[in-house]
Amino acid sequence: MIQPIHSSSGPGDYPTYEPGETVALFIPCYIDQFFPQIGEATARLLTRYGIPLAYPDEQTCCGQPAFNSGYWEEARGVIHHFCKAFEPYKWIVSPSGSCTAMCRVFFEQVDPDERIVGVGRRVFELTEFLVNVLGVTDTGARFPHKVTMHSGCHGRRELGILQQPLALLQNIREIDYRELPNIEECCGFGGTFSVKMPGTSLAMGKSKVENIVKTGADVVTSVDISCLMHIGGMLRRDKATRHIRCMHIAELLVQE
Amino acid sequence: MGSDQMHLQGAPFLKAENAGLYEPAGSQSMGIAAERSTRQNQELIAAIPYFQEWRRAASGIKDYAIGNLDKLLVEFEKNITARGAVVHWAETAEEANRIVLQIAQEHNVKTVVKAKSMVSEEMELNHAFASAGIRALETDLGEYLVQLAGQRPTHIVTPALHLSAEDVGRLFADKLGEPYTAEHRELTAIARRHLREEFVKADMGMSGCNFGIADTGTFVVVENEGNAGLSTAAPPIHVALMGIEKVLPSIHYLPQFLNVLARSGTGQKLTTYTHLFHGATPGRKLHIVIIDNGRTKILADPKARMSLFCIRCGACLNACPVYRRVGGWAYGWVYPGPIGAVIVPQMVGLEQAGKLPFASSLCGACNEVCPVKIDIPHQLVHLRHRAVNERSPMNLWTERLLWQAWSWMFRGRRRYKLAMAVVKMGIRIAPFLPWHPDKLGAWTRGRELPEIPPQGSFRRWWRTTGANLKPADRNTP
Ligand code: SF4
């Protein structure tokens with residue numbers, strides 16, 4: 001029973017994608033460096049739908065870490081840099097709910113300049129782009145494994161992202177989807193929160209891990225690999241849960 | 001756990017010398033109780049299709065009320081004074097204490113029975129009474145328990161959320177000399193027996209105020225135990241404490257608020273008792289103390305003003321995964337949980353409580369349940385911004401320097417690559433370090449670091465492969 005309450009753009013508010021329009025990929029820094037396969041899966045997936053892609057080489061980060069830590073002045077420069085890189089593009093797609101929320105909802109707080117806010121508003125999270133913009137709910141993927149899904153709070157509460165990844169997952173061939181109990185509860189990552197209040201962060205993560213174990217899944221997926229970095233870090237720490245793999249939803253959606 | 005260490009000065013979250021945030025493990029039963037409460041409330045709310053409309057309406061009314069506090073408070077004063085109440089204005093907690101003590105002393109009051117009031121906690125009124133030699137007794141069951149135990153409330157609605165029935169049984173045996181029991185019914189009977197006598201003996205009764213209604217000059221107190229009714233009706237003097245933000249423009253809006261407050265607070269359709277006070281009853285005295293105590297500081301910040309909409313239902317506390325684990329005391333002052341992390345730093349100053357806004361993963365569970373739709377996570381980030389810039393324990397030049405370096409690194413592709421190479425190197429050598437400092441240690445305490453992908457970055461893949469992908473012939477559906 002989850003109701004996204006203040007989604008800044010609910011279904012229906014999405015602009016129309018005209019065939020042939022270029023989509024710029026925003027691959028957040030931690031994906032670029034630690035999880036390149038997610039960026040790759042995103043690119044392959046979009047390419048399948050005949051979408052010409054671009055990857056602005058100047059991109060780095062959306063500014064979220066500094067913004068959430070209160071350092072808005074420091075975030076501003078990075079956001080400007082982001083906007084310079086992405087300004088030419090009408091469509092920007094990112095495999096992260098959290099970074100998308102930063103761009104779409106919070107750029108405005110740091111710099112209300114129309115151009116900055118405008119670029120931020122053109123950023124879409126991958127699954128919402130697939131479902132709400134392209135109208136795709138079945139990517140034709142096949143993934144014969146027991147899978148559960150973690151729902152990142154930021155994307156869900158700021159942008160209303162939940163049904164999109166669920167629909168896409170459930171249409172995967174031969175998947176054994178297991179619903180995660182208390183799916184709406186925070187996993188305890190929270191960016192710098194994870195190292196500012198490690199004890200509490202880990203206690204929250206422990207509940208999440210327990211719920212994952214309860215599902216019996218071998219794979220945990222999410223639209224946010226940042227949460228999975230924390231959850232996966234905990235899963236790998238313990239022998240009993242080491243076999244549970246963390247995979248971004250894009251990785252599942254390209255499995256054939 | 002003496003009460004004194006729970007006072008603002010000793011509050012663990014707020015101590016400047018605390019490097020990190022204080023993280024006690026809250027009592028487990030408390031977390032479970034809070035979680036259960038959220039689930040029950042949400043079930044009740046889900047059964048009402050128009051509940052979201054109610055929230056929007058309540059939020060809108062509060063927006064108007066907070067925007068017109070000056071006019072509405074004066075209107076409230078005028079209307080209730082016309083019916084024999086005496087209204088006092090207090091800018092600070094000390095001033096409010098002085099006013100209350102003066103009223104008590106003028107009437108030679110020896111004992112006071114108190115219904116639940118968070119403002120009274122803010123004022124530490126019980127201390128003021130004690131030092132004036134006046135006996136003050138909390139009559140709300142939860143407040144009674146924490147008072148008896150010499151503690152502070154851990155929750156704004158259910159003050160003794162941290163105590164189990166066994167704890168209460170031991171407390172009663174210890175302090176009241178009652179035979180030990182952990183039976184809820186028997187425990188309630190014991191408390192009732194002890195409290196009943198007090199209502200009759202008391203010289204003065206006190207209450208808080210849930211809503212002060214301007215157009216009719218009425219104030220409203222909601223409760224479930226009947227103790228507020230007795231506290232305010234039995235003794236000859238009733239003194240009510242009211243924060244300035246409690247005012248509502250019109251009695252017409254009251255049902256809206258009663259509807260959302262009971263459901264969000266205690267999972268009830270309506271509280272058991274709803275008292276409407278229109279003025280002094282003949283032969284008895286009614287005083288109302290209207291208190292600022294830092295609220296106008298919140299009013300002064302347009303980006304934070306929304307936090308004054310709070311009707312103290314406690315839903316955000318119950319829903320908060322951090323509160324559930326650290327408990328109410330960790331926040332160090334009267335108001336814990338997400339709303340506490342927003343209003344306390346503003347009321348007592350960022351200098352003292354500048355760390356509180358950081359005590360959150362920004363998950364937004366609070367905002368989802370708040371009946372007046374306070375945007376708590378956004379307020380927290382706003383206050384973090386203030387905390388790192390204004391005088392506060394978070395304004396550290398070392399940390400600023402790091403973020404400045406970060407910002408510089410992330411404003412250019414080459415620098416970014418260099419920074420990332422350093423990070424990766426750090427991760428590679430981390431397993432060989434005898435000990436992990438600071439933030440790294442905080443991570444690896446219970447988590448593995450991410451693995452370094454052998455194939456290199458996405459950038460590299462894009463250059464070699466990605467850029468050459470040919471859009472498939474499949475058309476967009
Ligand atoms: S902030 Fe909202 S949810 Fe929290 S106590 Fe106040 S009214 Fe209730």
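How many helices and strands are there in chain B? Chain B holds 22 helices and 10 strands, where helices (H or I, at least four residues) and strands (E, at least two) are DSSP runs numbered from the N terminus. The model is predicted, so local features need pLDDT of at least 70 and side-chain atom pairs count only at pLDDT 80 or more, while totals for chains, interfaces and linings use all residues. Residues are numbered from 1 along each chain as its sequence is written, and chains are lettered from A and ligands numbered from 1 in the order in which they are written.

Along the principal axes, the C-alpha atoms of chain B fill a box of roughly 90 × 50 × 45 Å. Of its 477 residues, 50% count as buried; a residue is buried if 20 or more other C-beta atoms, placed from the backbone, lie within 10 Å of its own, exposed if 12 or fewer, and partly exposed in between. Two residues are in contact if their C-beta atoms, placed from the backbone, lie within 7 Å. Among contacts in chain B between residues at least 6 apart in sequence, 74% join residues at least 24 apart.

The ligand is surrounded by 14 residues, the closest being B:Cys310, B:Cys313, B:Cys316, B:Ile339 and B:Cys370; a residue is near a molecule if its C-beta atom, placed from the backbone, lies within 6 Å of it. This shell divides into 11 nonpolar residues, two polar and one charged. Ala, Val, Leu, Ile, Met, Phe, Trp, Tyr, Cys and Pro count as nonpolar, Asp, Glu, Lys and Arg as charged, and the others, Gly among them, as polar.

In chain A, four strands form an open sheet with parallel pairing, in the order β6-β5-β7-β8; two strands pair if DSSP finds at least two bridges between them. Strands β6 (176-178) and β8 (245-248) of chain A are the edges, each pairing on one side only. From one strand to the next, the twist averages 35°, with axes fitted to C-alpha atoms, for helices over the stretch in contact, and angles running from 0 to 180 degrees between N-to-C directions. Helix α9 (residues 163-170) of chain A packs on the sheet, touching β5 and β6 of chain A, and its direction makes about 170° with that of β5(A). Three bridges join β5 (residues 146-149) of chain A to β7 (residues 219-222) of chain A. A:Met149 has A:Thr221 in β7(A) as its bridge partner.

Helix α12 (residues 225-237) of chain A lies across β7 and β8 of chain A, at about 170° to β8(A). Because 11 of its 13 residues are buried, α12(A) is largely enclosed by the rest of the structure.
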